[in-house]
Every structure is written in structure tokens, then in C-alpha cells.
Amino acid sequence: MAARGQFSTRFGFVMAAAGSAVGLGNIWGFPTQTASYGGGAFVLVYFLLAMLVAYPALMAEMIIGRYKQANVVSALSTLPSLPVLQKTGFAIACYAALVAGLILSFYTIVAGWMLANTAAPIAQMLGQPAWNEWLTTDSSARNIVLSIVFSLLTMAVIARGIENGIEAWSKRLMPILFVLLFCLIAYVLTLPGAIDGLKVYLIPNWSKVTDPGLILGAMGQAFFSLSLGVGTMLIYGSYLRHDENVPQIGLIVTLVDTSVAFVAGLLVIPAMYVAQHLGTAIYASDGSLIGGPSLIFQILPTMFDSMGQWGTLAAAAFFALMSIAALTSSISMLEVPVSVITERTSMGRLPSTLLVGTLFLGISLVIVVNFDALFGFVVDLTTKYSEPLLGIMFCLCAGWLIHRNALLATLKEGNPAIEHTVFWKIWPFYIRFICPLLILAAFIQTLR
Ligand code: PHE
């Protein structure tokens, strides 16, 4: 077997893993959930859950990957020694790779909308109103064309491998994302109405803390946001260099992800109140803040539109930011099934990328043409049900199937003094019992 790919630097790994984590979930999902669940109160609960549940679960995936040095299917099917458990591990891992692909399928459609909205203001600036119209009007033709474009971009990165594809592009795109985000915040905060939004975002409304939906929302959001439960962090962990300190680097990724979600709120919520100031309705009829597609594709564009040349530029920057966030996440989804195929068959990276990429693009297109029936179903199936259940499985595998000595040896590679850390004193026990139970408790609530 050819030598496995590897991230060449620590910075490269952090950009890639944070690139996977920072996605539409951060810039779109987090701010709108925060606004509807009482502002600062939600931020606080989210932060606690990210640290107490998502971080330990992230460690489970990264540690399995580091220990097994393999894709999710090979890793889970060789962790147990009993043949029946090996078969179970194999089945669970195949399902995880499928879920990664299904998330990619719906993500590709949404990312296509982002590309369309990035190109639309540019068409406007170039004096092409007809293109602008086509790009901003929802149609199957537009959605199909842009899903194909986005999927080709994702495949082009993955086909180039770990160091030249995932790492190189994450290192280029993530700094651009940070710069765009900060410039946009600086711009929006100067506009009238923005400060009202800032207050809604930052001042906790404690009466909402008792809302049973809040903890669930925060838990689901944390899982999706850290790309958990589908083997993404497992495969990225397996490409990490051996001298890296896994618990520390995982903590950095968690903190970057959480901070970007928080900072994105400083952009999106004030922007909504600027739109309100300009006369756009931002509350639905039931009194809740509008959060779905109409926020991103109607409220924000209307606001940018009414602000002249700078507004048009800001609109292009905003949707470019969304497109970049989506691309660094989608590559990490595609890498899961592609790594399974390249490592378990004799197929090379390029053909397997084309095969798997085309397969899930096909599913995207089926969803596009049956949008009302399928989109919500696939989103719920993958993010609401499958990710938490699979997350529990990864915790149990890491906790019960890696022998304590092997675990210690694996962690010692990057931190010889790990035995004396708080992490080593707590995590091995925590991941066996407490973390899976916490996820389960929240999951059961979802079913009620
Ligand atoms: N974390 C990404 C986001 O917040 C989504 C994602 C889920 C990426 C699962 C990879 C795997 O948008």
C-alpha cells in the first residue's frame, strides 16, 4: 500500500479541521438559533455543551483515527476482536460514510445558492441585469447548474490529496474567510440599526433559558458545527503528524469553531436589524425572528441592495464568505467515503473521487428536483437523528475498544507527560459513560 497522506504542518491541520468545522452551520445556523433562543443565554449554554459534550466526542474520533491510522470503515471494523463486533463496526462505519455523503448532497445544493448569490452582485456591477435575475431567481435549472459547479470544485480539491488539496486550499481559504468576516462586521456595525441587533444578540433573555428546545438546539448545533458523528474528524485525525498533541490541537479546533460562530453572530444579527431599520420585516407572524432561507436570500440581499455601490460589494463579499465556509466543509465530507475506497480497494484517488463525487452529486440533483419532499427529510435524517447516534457509537468505540495502555501510548506520542494531565485523569472514564449518556439524554428529548 502506498504511504498514507499527512498534513505537513500544525497550522495546516488546524486550518483544515477548523475549515471543516466552520461552515454554513456557524455563519447561518448559530446566529439565528441564538437570536430565537434568547441571545446571550443560548451562547452560554452552547459554549458549555461544546466543551462538555462536543469536545470529548471530537477527541474520541480523532483518537480512533490517530490510533488506527485508517479510514473510518477499516478503523471501526478492526477495533474489536470478536468477529460479530467487527461486523457491527463495519456496518456502523459504512453508515457513517453514507451519512457524510448525504450531508454533502444537501450541503452542495445550499452552497450552490451561495455561489449564485456571490456571482449575482458581480453580474450587476458588470452591467448584466439578465444574469443577475437568473442567478437570484429560484429555478431548478439554476440550482442544478450551481450544484454541479460546487460539486466539481469539491472534487477538484479532494482529487489533489491531503497535502496539496485539503491542506493547501484550507490554508489559502480560511485566512480569506477571517478577513472577509471582520471587514463585513466593521462595515455593518457602522450602519443605523446595527446596535439594536447587537443588544438582542448579546444581552441574555433568561426567560428563554427554560425553553426545552434550547438545550436540544444547542446540542444539535454543536454536533453539526464540529462535524461530528460521520468520521470526518476521524480521518483528519489519522492524517495528523505523530508528534502532535491531539487533546491540545482538538481544543484549539473547538475554540476556533466556537469563536467563529460567535463572531458570525456579530455580523448576521446586527445586519438583520439594519434591514429592519430600512423597512424590511424581520419577525415572522408568530413573533420569532426569521431564520431560514428568507433571512439569507431575501432580508440580507434587500439590505445590501439599498446601500448603493458599497452594498453591492458587501453582498458579494458576504456570499463569497459563505461559499468559502461551505467549500472547506464539503471537502471534509467527501474525504470520508473517498478515503474508504482508496484505502480498501486498488482504485486511485482520482477515479474514486470522481466515482463518489458523481454519486452524491446525483443524489443532490434528485433532491433538487424533488425539493419539497426530500430536502427537509435528508437534513433531519442526517443531522437530527444520525449524527448524535453515530456520535455515541464513536464515544463507545474509543472508550471501550482501545486498551488503556494502547490509548496511553497513542497520546504519549505527541505529549510524553500526558499521564499527568487533567485530560488523562478524566477523559478515559468520561468517554465511556458520561459523554454517551449526555448525548443520549438530549437525543431522547428530540423524539418527544
Ligand atoms: N461543520 C460543518 C458546518 O458547520 C458541517 C459539517 C458536518 C462538515 C459534518 C463535515 C461533516 O457547516
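Which residue forms a salt bridge with R66? The first legend gives the partner. This is a predicted model, in which local features need pLDDT of at least 70, side-chain atom pairs count only at pLDDT 80 or more, and totals for chains, interfaces and linings use all residues. Residues are numbered from 1 along each chain as its sequence is written, and side-chain values use heavy atoms, with hydrogens and water left out.

**Close-up 1. E413 pairs with R66.**
The closest N and O atoms of this salt bridge are 3.2 Å apart. A salt bridge here is a side-chain nitrogen of Lys or Arg within 4 Å of a carboxyl oxygen of Asp or Glu. E413 lies in the loop between α17 (404–412) and α18 (422–430), and R66 in helix α3 (residues 40–68), so the pair ties together parts 347 residues apart in sequence. Helices (H or I, at least four residues) are DSSP runs, numbered from the N terminus. R66 is buried at 3% relative accessibility. E413 is partly exposed, with a relative accessible area of 40%. Buried means under 20% relative accessible area, exposed over 50%, and partly exposed in between (1.4 Å probe, protein chains only).

**Close-up 2. R10 meets E244 in a salt bridge.**
Their closest N and O atoms are 3.0 Å apart. The pair links distant parts of the chain, 234 residues apart: R10 in helix α1 (residues 10–21) and E244 in the loop between α11 (232–238) and α12 (246–277). E244 counts as buried, at 8% relative accessibility. R10 is partly exposed, with a relative accessible area of 32%.

**Close-up 3. E335 forms a salt bridge with R349.**
The closest N and O atoms are 2.8 Å apart. E335 belongs to helix α14 (residues 308–344) and R349 to helix α15 (residues 349–369), 14 residues apart. The relative accessible area of E335 is 0%, so E335 is buried. Salt bridges come to eight in total. Side chains of opposite charge can pair when their charged atoms come close.

**Close-up 4. The ligand sits in the largest cavity.**
A cavity is a set of points, on a 1 Å grid over the protein atoms alone, where a 1.4 Å probe fits but cannot get out. A molecule sits in one if more than half of its atoms lie within 2 Å of its grid points. The elements giving two or more residues to the shell around the ligand are α1, α2 (24–36), α10 (212–225) and α14. The ligand is surrounded by 15 residues, the closest being A21, G25, Y107, F224 and S225. A residue counts as near if one of its heavy atoms lies within 4 Å.

Taken alone, the ligand exposes 320 Å², and the protein buries 100% of that.

**Close-up 5. The side chain of T32 reaches the backbone oxygen of W28.**
The distance is 2.8 Å. T32 is found in helix α2. T32 counts as buried, at 13% relative accessibility.

**Close-up 6. F423 and P247 are 176 residues apart along the chain.**
Their C-alpha atoms are separated by 7.5 Å. F423 is found in helix α18. F423 is buried, with a relative accessible area of 14%.

Methods. Accessible areas come from the Shrake-Rupley method with a 1.4 Å probe; for residues, only the protein chains shown count as cover. On a 1 Å grid over the protein atoms alone, a cavity is a set of points where a 1.4 Å probe fits but cannot get out, and a pocket is an open set with protein on both sides within 12 Å along at least five of seven lines; lining residues have an atom within 4 Å of a point. A polar contact is a pair of N or O atoms within 3.5 Å; within protein, one must be able to donate a hydrogen and the other to accept it, and residues adjacent in sequence count only if both atoms are side-chain atoms.
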